[in-house]
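Please walk through this structure step by step, moving from single residues to the elements around them and on to the chain as a whole.

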Amino acid sequence: MKEIKIGILGLGTVGTGVTKILYDNGPLIMSRLGAKLTLKKAADIDLQRDRGIKFDDGILTADPLEVVNDPKIDIVLEMIGGEAIAKDLILKAIDNGKHIVTANKALLASQGNMLFKTAAEKGVSIAFEPSVGGCMPIIKTIRESLVGNSIASISGILNGTCNYILSKITNEGVSFEDALSEAQAKGFAEADPTLDIEGFDTAHKLAILSSIAYGTEINLNEIYVEGISNITATDIEFADQCGYRIKLLAITKFTGNAIDARVHPTMIPFSNPLSNVNGSLNAVTISGDAVGDMMLYGHGAGMMPTASAAISDTIDIARDLIYGTHTRVPMLSFQMEQIEKIPTQPIEEISTHYYVRFSAIDQPGVLSKISGILGDHQISIKSVHQTEQKLNGAVPIFMLTHQAKEAEIQKALSKISSLDIITDTPSLIRIEGTN
Ligand code: HSE
């Protein structure tokens, strides 16, 4: 029976999960693959830690070059994370003719164009299902299942940490700080949780999805990114009263000549299934011209779900190797020579509905001053609500608008902020999925 040999770089959460699946489900995988998938070497700086696995003799090494330079290894699984070391090892492995599986969304978002080009020139594959959405087969779905569809849009919850925090505040009244600490303790958060809460991790994943959906180069720098650190329990409570949940959404839409790609807290109506995705779970809605709307839902982080996606990629490459082919399915869903740089639509050009919260002195004429400026910018108010509760002498005023232009709402908010009746920076949350 043919044997495909793999090497793992990094025995952290995902690398350990991959090893567990290989050892626990080896016979099952063999019966599906028709070949033996063998772990030949696994490198990590910490070889003493008990991972609950009995490694076969000679597998563990502290030297990653023993993995990437091993002539018997066909596929290298990069599970280190971070950018510099991982990139150098991937390039070395590619140079040695090895195929790559990686969970490294940050690296692909920043260096993916170069890495995929280098792999294509060398005739090897880079597979990256575990980099987006954990166990959800989002890459395979776009690249294979929806290959006949023109994709209109993708919207999703792609960061378990942010979804956990927002769900805990919404459903249990837990503070932001406590919810973040819990997410860190459960192991969802990045080593630097700023990447999660400021939306950058979601943007890394969105840059990858936009590329495979639309055949554009990976273009992280033009994606508008806003995280959840300014969302307050007051906003969440008001949204709830109006029939909305606040979620950190990744959105990408093709406008005909540009890609509207953005990450920001978004109010979505209870009727939208994404509003019911709670805890650390992820979900994505994809709109295709043939399929209509479809959804994927599952664990977007964690040892075994992410390892499951890494094994799926490894077996796809192993199948190519068994049949003497490679990149039968193009890495980025489009043929490399078809990939172009499609411009990203600036956030100022979008039009949507908005929630705004002002903090204002409670005196006659306040509402008319605010609504006058909004009117000057063609922003039509759908509903307005003021509470009696005073904070430092000011009252919160909540407004929902009809569809308006982002550039106009930004100009209006800037003018309103400078009024002497306004005591704090206004909050703005975009609303999607409403009419
Ligand atoms: N920090 C990420 C999350 C891990 O919270 O979703 C999975 O990419």
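**From a buried arginine to the domains**

Arg-51 is found in the loop between β2 and β3 (60-61), in a model that is predicted. Because buried means under 20% relative accessible area, Arg-51, at 7% relative accessibility, counts as buried. The side chain of Arg-51 reaches the backbone oxygen of Leu-11 at 2.8 Å, and, leaving aside residues up to four places away in sequence, Arg-51 touches Leu-11, Thr-16, Lys-20, Asp-44 and Asp-46.

One of these contacts, Thr-16, is also listed among the buried residues of helix α1, which are Val-14, Gly-15, Thr-16, Gly-17, Val-18, Thr-19, Ile-21 and Leu-22. What covers these buried residues of α1? The covering elements include β1 (3-9), α2 (26-33), β2 (36-43), β4 (75-78) and α12 (303-322). The length of helix α1 (residues 13-24) can be checked as well: at 1.5 Å a residue, its 12 residues should span 16 Å, and the end C-alpha atoms are 16 Å apart, which agrees.

Strand β1 holds Ile-6, a residue that is buried, with a relative accessible area of 0%. Not counting residues up to four places away in sequence, Ile-6 touches Leu-22, Leu-37, Thr-38, Leu-39, Lys-40, Lys-41, Ile-73, Ile-75, Leu-77 and Thr-314. Ile-6 and Ile-431, by contrast, are 425 residues apart in sequence and 46 Å apart in space, C-alpha to C-alpha.

A further element to consider is helix α6 (residues 138-145), where Thr-141 has its place. Thr-141 is buried, with a relative accessible area of 6%, and its contacts, not counting residues up to four places away in sequence, are Leu-146, Ile-286, Met-294 and Leu-296. The buried residues of α6 are Ile-138, Ile-139, Thr-141, Ile-142 and Arg-143, and they pack against β7 (151-157), α10, β11 (281-288) and β12 (292-299).

In soluble globular proteins, nonpolar side chains tend to be buried together. Here the largest nonpolar core has 75 residues, of which Ile-138, Leu-209, Ile-228 and Met-267 touch the most other members. Helix α10 (residues 200-214) contributes the largest share of this core, 8 residues. A second, separate core of 29 residues includes Ile-4, Ile-75, Val-101 and Ile-311. Returning to Ile-138, its contacts, not counting residues up to four places away in sequence, are Glu-129, Val-132, Leu-209, Val-284, Ile-286 and Leu-296.

Which residues surround the ligand? They are Lys-105, Asn-159, Gly-160, Thr-161, Phe-188, Ala-189, Glu-190, Asp-196, Asp-201, Lys-205, Gly-300 and Ala-301.

At the level of the whole chain, the domain assignment gives domain 1 (3-134 + 303-338), domain 2 (138-298) and domain 3 (347-431). Taken over C-alpha atoms, the centres of domain 1 and domain 3 are separated by 50 Å.

Technical notes
Residues are numbered from 1 along each chain as its sequence is written. This is a predicted model: local features need pLDDT of at least 70, side-chain atom pairs count only at pLDDT 80 or more; totals for chains, interfaces and linings use all residues. Side-chain values use heavy atoms; hydrogens and water are left out. A nonpolar core is a set of buried Ala, Val, Leu, Ile, Met, Phe, Trp, Tyr and Cys residues joined through side-chain atoms within 4.5 Å. Buried means under 20% relative accessible area, exposed over 50%, partly exposed in between (1.4 Å probe, protein chains only). Helices (H or I, at least four residues) and strands (E, at least two) are DSSP runs, numbered from the N terminus. Contact means heavy atoms within 4.5 Å. Domain bounds come from an automatic or database domain assignment. The expected span of a helix is 1.5 Å times one less than its number of residues. A residue is near a molecule or strand if one of its heavy atoms lies within 4 Å of it. A polar contact is a pair of N or O atoms within 3.5 Å; within protein, one must be able to donate a hydrogen and the other to accept it, and residues adjacent in sequence count only if both atoms are side-chain atoms.
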